[in-house]
Amino acid sequence: MTDFASDLLNTLSSRGYIHQTTDAAALDALASRQVIPGYIGFDPTAPSLHVGSLVQIMLLRRLQRAGHKPIVLMGGGTGKIGDPSFKDEARKLSSNDTIATNIASIKRIFERFLTFGDGPSDAIMLDNAQWLDALEYIPFLREVGQHFSVNRMLSFDSVKLRLDREQSLSFLEFNYMILQAYDFRELNARHACRLQMGGSDQWGNIVNGIELTRRMDGVEVFGITTPLITTADGGKMGKTMSGAVWLHEDQLPHFDYWQFWRNTDDRDVGKFLRLFTDLPLAEIARLEALEGAEINAAKIVLANEATAMCRGRDAAQQAAETARRTFEEGSAGDSLPSLTVQGGQIPIVVALTALGFAASNGEARRKIAEGAVRLNDIAIRDAAYEVVLDGDGPVKISLGKKRHGLLVAG
């Protein structure tokens, strides 16, 4: 960890957000003497972002808490193309109406993490369609296209990997990096933006924007990328067997969101507390030093703090209470449906239909075959499986990522 003069880079470094920076010394000096407007772009491909975007959202939160100005850039323009970076195939193109609906929905998420307004460090949300949709092709090629080398564009990993695998890369997608670079230049001209941040896969796109702004306007701007956040077992952060962990409660109930954090691997607790909560570093050091069963207390703190930030403190408290009553007291949490099992044993297919998770035994069997059914978070793939309640408390039964119930011995 490097010592910096600015609160911004000290915070980002000490909490594990920095993978690469462009001219860290100059950025550090700038952040020490003035408010820096900084942006991250998000493509509105769904009504909600998921936890894979949470590091970037937290970056904007850290920027604001250090006294600087976050710019949330929605890709209403670039979203009509889709970022090809490290994708195996082109994204399905969204309609203008779908993009507009998604942007309105996603803004509700950012309002929980950032303070929006007209002040020097208040966040603003912009849509790059405002300037990209108005571009004329020939003038854009003459003004901007001359600054890009196709040879260099082909050398970027995000493009090279697609070509090496002999996977199609359309001319439409190839334009994405030019448009993203133009975004940085436009944001600097319109809002004095000096910093672009993003995941490590965005390094090439960020460097393009820095160079374009320097060549066209003679302004020095900067970039920061975050490391790829993986779990202790090598998996990608936020990728679960049951699908994406959505930030919106419309896509994922509060309890499931809380439980995702509660199920963190022991080895990841400290890292996730630094990245995804506002707890002081000294308190995090104390929590991650806990051993054995005591580490579960740290996981509950992580779940409470991460859920409170995204869903509100009331939602976190309700989820924690449901978990406590379910798994500690052995009684059904108020927010989960339950089924009393007489005799302590029931076919899993019958349990699914009795709880209303499946309309028929046939549908229940199909869901099991698809790997969508879990008992206490363990996937069950045998449609003939018999659930046995052995007196150790209720068994949680789940269908996909949204539906959960309890099986209770009668």
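Mentor: A charge sits over a ring if NZ of Lys or CZ of Arg is within 6 Å of the ring centre and within 35 degrees of the ring normal.

Trainee: In this predicted model, over which ring does the charged end of R311 sit, and how far is it from the ring centre?

Mentor: The ring in question belongs to Y257, which ring pairs link with F260, W261, F272 and F276 into a cluster. The charged end of R311 sits over this ring of Y257, and its distance from the ring centre is 4.6 Å.

Trainee: Is the aromatic pair of W261 and F276 stacked, tilted or edge-to-face?

Mentor: W261 belongs to helix α12 (residues 254–262) and F276 to helix α13 (residues 269–276), 15 residues apart, and both residues are buried. Planes under 30 degrees apart count as stacked and over 60 as edge-to-face, the rest being tilted. With 5.1 Å centre to centre and 55° between the planes, the pair of W261 and F276 is tilted.

Trainee: How many residues apart in sequence are the parts that the pair of F42 and F110 ties together?

Mentor: F42 and F110 form an edge-to-face pair, 5.0 Å centre to centre with 65° between the planes. F42 is buried at a relative accessible area of 5%, and F110 is buried as well, at 0%. Because F42 lies in strand β2 (residues 37–42) and F110 in helix α4 (residues 96–113), the parts tied together are separated in sequence by 68 residues.

Trainee: Which residue of β14 is the bridge partner of L375?

Mentor: Strand β11 (residues 373–375) runs antiparallel to strand β14 (residues 395–399), and three bridges join them. In β14, the bridge partner of L375 is I397.

Definitions and conventions: Residues numbered from 1 in each chain as written. Predicted model: local features only at pLDDT ≥ 70, side-chain atom pairs only at ≥ 80, totals over all residues. Heavy atoms only, no water. Pairing = 2+ DSSP bridges. Helix = DSSP H or I, 4+ residues; strand = E, 2+ residues; numbered from the N terminus. Phe/Tyr/Trp six-rings, centres within 6.5 Å; stacked < 30°, edge-to-face > 60°. Buried < 20%, exposed > 50% of the residue type's maximum accessible area, 1.4 Å probe, protein only.
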